[in-house]
Amino acid sequence: MSQKINLRVWLKIPDAEAATVKNTLIRRLGFGKVLADVKKERLFSIEVDSGDPQEMARAFAKELVNENKESHIALIDELLFEEGYVPVKVALHIEDGEAISIRERLRSRLGFENVVDVKKATIWKLYFKTLKPEAEAAAREIAEKLLINPHKDTYEIMT
Amino acid sequence: MKIAVMQFPGTNCEFETLVAVKTVGMDGELFRWNRSAGELSGFDGFVIPGGFSYQDRLRAGVIASKEPVMNALKEEAIKGKPIIGICNGFQILVESGLLPGSVNGSGKVDMALAQNVMVSQGKIVRRGYYCDWVNLRHDAPSKRCSASFIIERGALLKVPIAHGEGNLVTTTPGLIEKLNEESQVVFRYCDKNGRIINEFPFNVNGSTESIAAICNEQGNVLGMMPHPERAFFAWQLPAFDPRKQRPDEPGPGRRVFQSMKRYIEVNA
Amino acid sequence: MKIIGLSDPEVEASLRNAGIGMSVAEARSIAEVLGRDPTLTELFCYDAMWSEHCSYKSSRATLKEFLPTDGPNVVMGPVEDSGIVAIDERWCVVISHESHNHPSQILPNEGAATGIGGIVRDVNCMGATVIATADPLRFGNPYGSKASKVRWVAEGVVDGIWQYGNALGVPNMGGDIVFNDSFDDNCLVNVVSIGIVQRDQIIRSRAPPLAGERGYDVILIGKPTDASGLGGVTFASEALREEDEETNRGAVQIPDPFLKNVLFKANADLFSLTREEGIEIGFKDLGGGGFTCATSEMGSAGGFGMEINLDDMHKADDFPAEVLSIAETQERFLIVSPPELREKILKIYNEDWDLPNVYEGARASVVGKINTGDRFTVSYKGEIVCDVPIQHLTQGIRYQREEKERIISLAEPEMPEPEDYNEVLLKILSSPNIASREHVYRYYDTEVMGNAVIRPGEADAGLIAPVRGEKFGVALAVDSNPFYGRISPYWGGATAVAEAMRNVAAIGAVPSTLTDCLNYGNPEKPEAFWEFREGVKGLAESCKKLYLKGYEDQQLPVPIVSGNVSFYNESPQGSVDPSPVVACVGIMKDFSKAITMELKAAGDKLFLIGPRFDELGGSEYYRTILGVTGANVPIVRFDLERNMIYAVIDAIEEGLLAAAHDISNGGLAASVAEMALTRPAKFGVELDLDNVQGSDNGMRTDKILFSESSGFVLEAKPGKEARLVELLKSYNLEPMLIGKVSNKRRIVMSRAGNAVADLELDGARNAWTTGLAEAMR
């Protein structure tokens, strides 16, 4: 029976990339009126075909999370987000070489042969000053104007 | 003849690029991103050099592409002035929609420079950043494009690459065909005899059809992943290239800057 | 913190609870000097300043006793962040060399990146343009019991180095990688950086004359101070235990090459401002020991006191004073400058280069004033949190450690000669310690700045032409062989110097200066301290006996102008092999005369200099093929070594050589093979071992091929053979004609008319080019 382990990983220290994205959206792309803040998470979705998922999640986190600067939560077979922001998931639609390397590393170097698949994505957490319907529309606009290059990335609003 | 060498935070090839511009006999100066964009209209041509503008945050080139100076550069491009984007400069031009430059001038982004994937015999043999000298074949006729104005079709150039995201991909239907038909593919990676072999180590980053450089329809805007400014003197060539023994001679990359100069002279 | 009147165990407990590493005796001596109980901030400041890393408390006496640091070409010896030597009347090379071992073992990517980030700051802060880095790396056994961890460390370190260096835009021009079991739990990540500066534009890391009388500003620039790296310096001075790894992770700093790139350009504007105004400033980077170290050392070096107000410091959050004082937040510098420059300086950083928009919270802030007093005074939120005698804080303390020879049992193996030399040679060529470094250096941007003349993989040293219009070139090589150090820490030190100088000479450059990064175990253990002293003696002896070329008649030593000591490279499993890592800078008057090591033309004659001795202890052959270390370690025969180095330099200067390669790991066989296998790998070789000195008296073929006795293999330019032989003989050398370059794509080695090895070139190249990638997979 296969299970999906979702690791949501975020920085404990200031996230320079999120700060730059926020700065660009507000200073350069005119979202200052609606956008309040931008945060970012990394998402690993790891499919395993056996083993105790909680235990596996701990082992994967040890490998993939840099505890010096990152925190994480593990979710088994679900992917939930808190209220208060619009989560936008950005992932490659072309072959993701890094995800393939992570799978190979988990399987061959660390011996987790029950790992079937690894996917990785970025979750952009967009905090708006506006109400939900407008916020989602603005999130789509932000994704298309900045967060993705459609020739390699896709996005999905995760609500 | 005044050339602006653009400087974004994180740019790191501006000094050697400025040397190249000046050595072929053009005036040049560094143009910092937060200077008044209006000043750009006083220049005759532009180089966006390599580096890691904004540390490649989000993806290479995208943050710089939103800076006001890029809007000003679009205006200058429409006037027909030459703009050369090298490495990160190419990435910025793609993200700003200046390259390949849609037919209707909408500024739509029509391609991406994705992570390098080195493929040999159907297998990924390496990924990511790579630095080496490569052979380029000039696939456009001379005079087609500003930065290869004096280079004959089929000419070979040895220049170095150093990048992690140079893999040209597109989902725009018919775009590659159009680029080929209109001779907008300016350079391709090839072997030392000029043969295109679409796998590593010849195609060094997995780019579609081994494309290393393209220009816009008008030919004035060119983006290239390899670094002609680092192959500007023969002594910079790798040890095994016989031209290295003649250190006072120009290197193969100099012709890109000489082309730019000639293009400006002809169009003046 | 209460100290006076408490018992030793009580003081010990409160120090440890507070996270302070100093000894009780040290704490008491501070209380005594202050005449009161020190504040928490004061104890943290002393703890950082008196750490092994900042104060060299165990090593300084030994370094002073042995190492030559002065010479006719020395512009500045090891007194500030980097050493400086002259290239010519106008230009100078600036060099610095450090370790970042412990952080890299815990968090390889950030640890190694911070290493590069720190070392380039050391060079830049002298007013120099940073032109290159190099990275001597030591990792554990990639095929041993900790292979998975070892490979994780190796991969992360290499990633950290390229991600930082490439983004910053400084080429990586050299380095080496050695794998062995002693580094399983303690990798070594040494970093070297060089820069150039004009002699009259050097900037000192001290408060300039009259700074106190005129009340100069203390200006902090760069990233907002946070809690990162807290305790990093003290942590670098303690042995690593695996169970502490989680807590140790907090000590690693977060590097940012992007901000550094912008800071370097802003610094260049600062340097030109001071030149235009004709005003001397003090400038220093913030590294180990953080804000306290940079400020107090600047003040004390100028003979002044200072007052700091932490309220004026830009910070990432509301941290306590002791954190702000010693946090090792990266990408920061400190300026001491006159008040009349204040507005101009702030404008460079805060407006022209727009630091606040480049990095959230980054900027330049005036945080204090220099005065004519002798105190280091820090206030925060209306309280004086630190008020100590500045010289007492910065001069540190000294320990005379005990030494005791480490007795190890060593024996030479008794083994029959191998039957199949092809197999032996292939095994050696694919060994992770011999194989081509291409897998790693393709990640490094060697071309940025456009200065590379000879790049990694092309020769024994890298060469850069840093100034357009000038003909001089600057060569850089690094070396240290831990296997020799294990057998003899003395010869480990001596051979490291000799080989680094040989590497530089092999391209035609004259060795000009050396740096040393001394990586050893716990100095409180007499055996480790003995190893350290032996290593320093060995280094010093080579420097003194190989002489600075051009001054050989006066027998002047090659000076060591910069260095670093890294102790506590040990875990409960043991300490690392003694590793005095040496970097050598060479100068070429005309870089276009430099040569590389790949074979140039069929028919060219190959000469060997340096007879083969039966000294295969620690050799690749003994270890990889026989599985033993052996006892007879290669030694440096100083007169022979010097003559070889000088002769090769002269031969290249005279245009007699087409290629040259020094003999080191893997011996004569590996050196010759590498010349054939290096791109473009067009030619084979035919070697006649009968002409190798050593064979006459019945030396075994395996010892001739694989002895790592010092020497060079030289490819003569056609028609220049006679002159080459004459030149070599004038240096009392016995040139041996050992073979020729051939058109057949084979590596053939014969003895008494019979081929002992005969390898097809492509197969050999495949073994040699895949060995490292396999080990790091």
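This is a predicted model: local features need pLDDT of at least 70, side-chain atom pairs count only at pLDDT 80 or more; totals for chains, interfaces and linings use all residues.
Which residue of chain B forms a salt bridge with A:Arg28?

Residues are numbered from 1 along each chain as its sequence is written, chains are lettered from A and ligands numbered from 1 in the order in which they are written, and side-chain values use heavy atoms, with hydrogens and water left out.

Back to the opening question. The partner of A:Arg28 is B:Glu67, with the closest N and O atoms 2.9 Å apart. By salt bridge I mean a side-chain nitrogen of Lys or Arg within 4 Å of a carboxyl oxygen of Asp or Glu. Between chain B and chain A the count is 1 salt bridge.

Let's stay with that interface. Taking contact as heavy atoms within 4.5 Å, 22 residues of chain B and 24 residues of chain A take part. The two chains bury about 1,800 Å² between them, with 61% of it on carbon and sulfur atoms. Buried area here is the accessible area (1.4 Å probe) that two parts lose on being put together, summed over both. On the chain B side, B:Leu58, B:Arg59 and B:Lys66 supply 34% of the area buried against chain A, more than any other three residues.

There are also 16 residue pairs in polar contact across chain B and chain A, both residues at pLDDT 80 or more. A polar contact is a pair of N or O atoms within 3.5 Å; within protein, one must be able to donate a hydrogen and the other to accept it, and residues adjacent in sequence count only if both atoms are side-chain atoms. Strand 5 of chain B gives the largest share of the side that touches chain A, 3 residues. Helices (H or I, at least four residues) and strands (E, at least two) are DSSP runs, numbered from the N terminus.

In one of them, the side chains of B:Arg230 and C:Asp445 meet at 3.0 Å, N to O. C:Arg679 and B:Asp132 also meet in a salt bridge, at 2.9 Å. That pair runs from the loop between helix 24 (667-677) and strand 24 (684-688) of chain C to strand 8 of chain B. C:Arg679 is partly exposed at 28% relative accessibility, whereas B:Asp132 is buried at 8%. For those words, buried means under 20% relative accessible area, exposed over 50%, and partly exposed in between (1.4 Å probe, protein chains only).

Some pairs stay inside chain C. C:Glu654 and C:Arg723 form a salt bridge with their closest N and O atoms 2.6 Å apart. C:Glu654 sits in the loop between helix 23 (638-653) and strand 23 (657-662), and C:Arg723 in helix 26 (residues 721-730), so the pair ties together parts that are 69 residues apart in sequence. C:Arg700 and C:Asp702 meet in another salt bridge, at 2.7 Å; C:Arg700 is partly exposed at 28%, but C:Asp702 is buried at 2%.

In chain A, A:Arg8, A:Glu41, A:Glu82 and A:Lys125 are linked in a network of salt bridges. Over all chains the count comes to 85 salt bridges.

One helix deserves a look, too. The buried residues of helix 1 (residues 14-23) of chain B include B:Leu18 and B:Val21. Its buried residues pack against strand 1 (2-7), strand 2 (27-32), strand 3 (45-48) and helix 6 (254-267) of chain B, together with helix 11 (257-277) of chain C. Just after helix 1, B:Gly25 takes a positive phi of about 100 degrees.

Last, confidence. Chain C averages a pLDDT of 94, with 97% of the residues scoring at least 70; pLDDT is the predictor's confidence in each residue, from 0 to 100. Over residues 232-236 of chain C, pLDDT stays under 50. Thanks, everyone!
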